[in-house]
Protein chains: 2
Amino acid sequence: MARPANPNLQGALIEAGRLEFATKGLAEARIEDITRRAGVSKGAFYLHFESKEAMFEHIARDFVDGLLRVMNCFDSLQTLEPRELVPAILNCDDQVSEYLWEHRPALRIVMEGLPSTACSGLGDQFVGALESYMRATIVRHKETMEVFSPDTDPDVAALLLTGAIVMFCRRIVRSDDKPDFRKSSIALRKILYGGMFRPEVGRALLDALQAQEAHS
Amino acid sequence: MARPANPNLQGALIEAGRLEFATKGLAEARIEDITRRAGVSKGAFYLHFESKEAMFEHIARDFVDGLLRVMNCFDSLQTLEPRELVPAILNCDDQVSEYLWEHRPALRIVMEGLPSTACSGLGDQFVGALESYMRATIVRHKETMEVFSPDTDPDVAALLLTGAIVMFCRRIVRSDDKPDFRKSSIALRKILYGGMFRPEVGRALLDALQAQEAHS
DNA sequence: CTAGTTTCTGACCGGCGAGTCATTGACTCG
DNA sequence: CGAGTCAATGACTCGCCGGTCAGAAACTAG
C-alpha cells in the first residue's frame with residue numbers, strides 16, 4: 001500500500017553490472033557506472049544488493065548454475081546406440097556453445113581469476129566445477145557404455161576435455177562475432193575419440209563425425 | 001662516492017611483490033605490504049618502480065619470457081628419429097613443468113585475467129602466447145617430421161595442447177606439493193598421440209610411452 | 001672530522017569511490 | 001483529498017591507499 005517498486009530495476013541493475021564487470025572487472029567497476037547504465041541513482045543499487053561483491057557473486061553464480069543445467073544434456077547420451085551417438089553429442093555441444101555465447105559477459109566475468117578474499121578464485125571454481133562434471137560424466141559413461149578404451153584415465157580425459165572447453169570459452173569471450181562451433185567441435189572430437197576410445201568404437205565414431213562434417 | 005645502494009633491494013622487492021600479488025592480485029595488493037615483506041620502507045618502492053602496475057608488469061613479463069625460453073627445447077625435437085622422440089619429448093615436458101613449479105607465484109599472477117586498463121588481459125596474453133607457440137611448433141613438425149596424420153588441423157591440435165597446459169598450470173598453482181608431472185604427461189600424450197598422429201607412428205609412440213611408463 | 005653525496009625513511013597529502021541517509025515524490029487507501 | 005508508506009535520489013561522509021618529499025641516515029673522499 002504505497003509506491004510500488006519498479007519491477008525491472010533489479011534486472012536492469014544486473015544486466016548493467018554484467019556489462020560493467022565484463023569490461024572492467026570487479027575492482028575497476030564503479031557502482032555509479034553500473035547505476036548510470038541502468039538509468040537509476042546510486043542509492044538504488046543498495047536497495048537490491050548488499051555490496052558490489054554481492055552483486056558480482058550473484059551474477060557469477062547465476063551463470064554457472066545455468067551452465068551446469070544446460071550441460072545436463074550430456075547425461076542423456078548414456079542410453080544411445082553408438083550410431084545415434086555422434087549427432088546427439090554434437091547437439092549437446094551446440095546447446096552448450098549457444099549458452100556460452102548468449103552469456104558472454106557473465107562468462108568473461110567468471111573467467112577472470114580474482115584471488116581476492118571476497119570472491120576467492122571464481123575462475124578456479126568455475127573450471128573446477130567443469131572438470132568434476134566432466135570426470136563424473138566420463139566415469140558414468142565408461143561404466144555403462146563400453147566405448148572408452150580400458151586404460152583411458154578419467155582424470156586425464158576430463159582434464160583434456162575441460163582444457164578444450166576453457167580454450168573455447170576464451171575464444172568466445174574474445175571474438176566479436178559468433179564462431180563456427182560445430183566445425184571446431186567436430187575437429188576436436190575427432191582427435192579425442194581417436195585417442196580415448198576402443199579402436200573399433202573410435203573408428204566407427206570417427207566415420208560418423210566425418211559424415212556429419214560433410215553434411216554441414 | 002656516497003652511501004652505496006643496497007644491491008638486494010630490487011630483488012627483495014620483486015620477490016615480495018610476487019608473493020603479495022600471487023595471494024591478493026593486483027588490485028588488492030598493498031604497496032606497504034610488499035615493502036614490509038621486503039623489510040624496507042614504502043618510499044624505497046618508488047626508487048625501483050614507477051608504480052604498482054609497473055612492478056606487476058615487470059614480474060609478469062619476466063616470467064613469460066623465461067617460460068618461452070625454456071619451451072624452446074621443443075624445437076630440438078625436429079632432428080630426432082621417432083624412436084628417440086618419446087624420451088626427448090618427456091624430457092622437454094619435465095623441463096617446462098619444473099620451470100612452472102619453480103615460478104608458481106608468478107604463474108599464479110599471470111593466470112588471473114585482469115581486464116583492467118593498465119595490464120589488460122594478462123592471462124589472455126599468456127595463453128595466447130602459449131597457443132601460438134604450440135601452433136608454430138606443430139606446423140613446423142608437421143612439415144618436417146611426417147608424424148601427424150594429414151587431416152590433423154594445427155589450430156585444433158594447438159588448442160588441445162594449450163588447454164591441457166592451462167589445466168596443468170591450474171593444478172600447479174593450486175597444489176601445495178609437487179605433483180607427479182611425468183605420469184600426467186605420459187597419460188596425456190597417450191591420448192593425444194592416438195588421435196593426432198598417423199596410425200603407424202601413433203602406435204609406435206604409444207608403445208614407447210608404455211615403455212617409459214613401466215620404466216618410471 | 002667535515003663536507004658532500006646518495007640512499008632510504010615514514011609522516012603526510014589528495015583523490016577516489018563505497019556506502020549512508022535526510023529528503024523527495026510516487027503511489028495506495030479510506 | 002490528505003495521511004501514510006515506501007521507492008528512489010544524490011549530496012555527503014569517511015576510510016583507505018597510491019604516491020610524495022623533507023629530512024635522517026649511511027657512506028665516501030679528502
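Predicted model: local features only at pLDDT ≥ 70, side-chain atom pairs only at ≥ 80, totals over all residues.
1. Two residues count as in contact if their C-beta atoms, placed from the backbone, lie within 7 Å. Chain A brings 34 residues to the contact, and chain B brings 34 residues.

2. On chain A, the elements giving two or more residues to the side that touches chain B are α1 (9-28), α7 (122-145), α8 (154-174) and α9 (181-196). Helices are DSSP runs (H or I, at least four residues), numbered from the N terminus. α8(A) gives the most, with 10 residues. This side of chain A divides into 18 nonpolar, 11 polar and five charged residues. Ala, Val, Leu, Ile, Met, Phe, Trp, Tyr, Cys and Pro count as nonpolar; Asp, Glu, Lys and Arg as charged; the others, Gly among them, as polar.

3. Chain A superposes on chain B by a rotation of 179° with 0.0 Å of shift along its axis (RMSD 0.1 Å). That is the relation of a two-fold axis. In chain A, the C-alpha of Gly163(A) is nearest the axis, 2.0 Å from it.

4. DNA strand D is surrounded by 24 residues. Near means a C-beta atom, placed from the backbone, within 6 Å of the strand. Among the closest are Ser41(A), Gly43(A) and Arg3(B). α3(A) gives the most to this surface, with four residues.

5. Residues are numbered from 1 along each chain as its sequence is written, and chains are lettered from A and ligands numbered from 1 in the order in which they are written. Local features need pLDDT of at least 70 and side-chain atom pairs count only at pLDDT 80 or more, while totals for chains, interfaces and linings use all residues.

Conventions: Least-squares fit on C-alpha atoms with pLDDT ≥ 70 in both.
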